[in-house]
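Okay, thanks everyone, let's get going.

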Amino acid sequence: MIATVAYIKEKFDEFNQLIFGGELPRIPIVLGRATRVIGSFAYKARRNFWGKKEYVDLKLRFSTKFDLPENELQDVIIHEMIHYYIRFKGLKDEGSHGPIYVKIMNEINQKFCRNITIKQNTKEVGLVDTKPKQRIIAVLEKKDGTVGI
């Protein structure tokens, strides 16, 4: 299954209610053509007038270059939602996949029979060739009157 904005929005809403208690506000979903990353949670950090760090321009990004089984795409969506949840709640983790992330991931895997992992091996997933191929057909006529393609 190739990621679409409509599908991700639908699953975001479903998993937000089921797993995160409806706490996460919707954020933009962006599709791209990355070949090394299936999904990511992106944001910009800046200091406000009082010097406090705040996070802006939050978004979920997914690549359309991967054709995954539906359950694996759902696991990637939940994976990125965990990152969003940690940032939204203001939790301080030791790195992007620190103990807080791992604890939440393991709880979700156990409670909802998921298979969320720290990192998806993109080399095991086939890339979708979405770039159109150019083909040229030429017809030529020889001096002797014969035609070739």
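So, the aromatics. This is a predicted model, by the way, so keep that in mind as we go. Ring pairs tie Phe12, Phe41, Tyr43, Tyr55, Tyr84 and Phe88 together into a cluster. If you zoom in on Tyr55, you'll see that the charged end of Arg87 sits over its ring, 4.1 Å from the centre.

Searching the whole structure turns up seven aromatic pairs. One of them is Phe49 with Trp50, and that pair is edge-to-face, with 5.4 Å centre to centre and 90 degrees between the planes. Are those two residues buried or exposed? Phe49 is exposed, and Trp50 is exposed too.

Okay, strands. S2 covers residues 39-47, and eight bridges join S2 to S3, with the two running antiparallel. S2 and S3 make a hairpin with five residues between them. Gly51 is in that turn, and it has a positive phi of about 85 degrees.

Then there's S1, residues 29-32. Which way does S1 run relative to S3? These two are parallel, with four bridges joining them, and S3 here is residues 53-63. Over on that side, Gly32 has Ser63 as its bridge partner in S3.

Now the inside. In soluble globular proteins, nonpolar side chains tend to be buried together. Here, the largest nonpolar core has 31 residues, and the members touching the most other members are Phe20, Phe62, Ile77, Ile82 and Ile108. The elements giving two or more residues to that core are helix H1, which is 5-18, plus S3, H2 and H3. Which of them gives the largest share? That's H2, with nine residues.

Let me pick out Ile108. Skipping neighbours within four places in sequence, Ile108 is in contact with Ile19, Phe20, Ile78, Ile82, Cys113, Arg114 and Ile116.

Next, Ile104, which is in helix H3. Why do we call Ile104 buried? Its relative accessibility is 12%, so it falls under the 20% cut-off. Leaving out residues up to four places away in sequence, Ile104 touches Ile82, Tyr85 and Ile86. Take Ile82 from that list: Ile104 and Ile82 are 22 residues apart along the chain, but their C-alpha atoms are separated by 7.3 Å.

Compare that with Leu91. Leu91 is in the loop between helix H2, residues 70-89, and helix H3, residues 99-112. Leu91 comes out at 32% relative accessibility, so it counts as partly exposed. Again ignoring residues up to four places away, Leu91 touches Ile86 and Ile100. And if you look from Leu91 to Tyr101, ten residues along the chain, the C-alpha atoms are separated by 9.7 Å.

Last topic, charges. Side chains of opposite charge can pair when their charged atoms come close. How many salt bridges does a search of the whole structure find? Eight.

Let's start with Asp13 and Arg26, where the closest N and O atoms are 2.4 Å apart. That pair links distant parts of the chain, since Asp13 is in helix H1 and Arg26 is in the loop between H1 and S1, 13 residues apart. Asp13 has 30% relative accessibility, so it's partly exposed.

Glu107 and Lys103 are another pair, with the closest N and O atoms 3.0 Å apart. Where do they sit relative to each other in H3? They're separated by about one helical turn, because they are four residues apart in that helix. Glu107 is partly exposed at 43% relative accessibility, while Lys103, at 53%, counts as exposed.

Key. Residues are numbered from 1 along each chain as its sequence is written. This is a predicted model: local features need pLDDT of at least 70, side-chain atom pairs count only at pLDDT 80 or more; totals for chains, interfaces and linings use all residues. Side-chain values use heavy atoms; hydrogens and water are left out. Rings of Phe, Tyr and Trp (its six-membered ring) pair if their centres lie within 6.5 Å; planes under 30 degrees apart count as stacked, over 60 as edge-to-face and the rest as tilted. Buried means under 20% relative accessible area, exposed over 50%, partly exposed in between (1.4 Å probe, protein chains only). A charge sits over a ring if NZ of Lys or CZ of Arg is within 6 Å of the ring centre and within 35 degrees of the ring normal. Two strands pair if DSSP finds at least two bridges between them. Contact means heavy atoms within 4.5 Å. A nonpolar core is a set of buried Ala, Val, Leu, Ile, Met, Phe, Trp, Tyr and Cys residues joined through side-chain atoms within 4.5 Å. A salt bridge is a side-chain nitrogen of Lys or Arg within 4 Å of a carboxyl oxygen of Asp or Glu.
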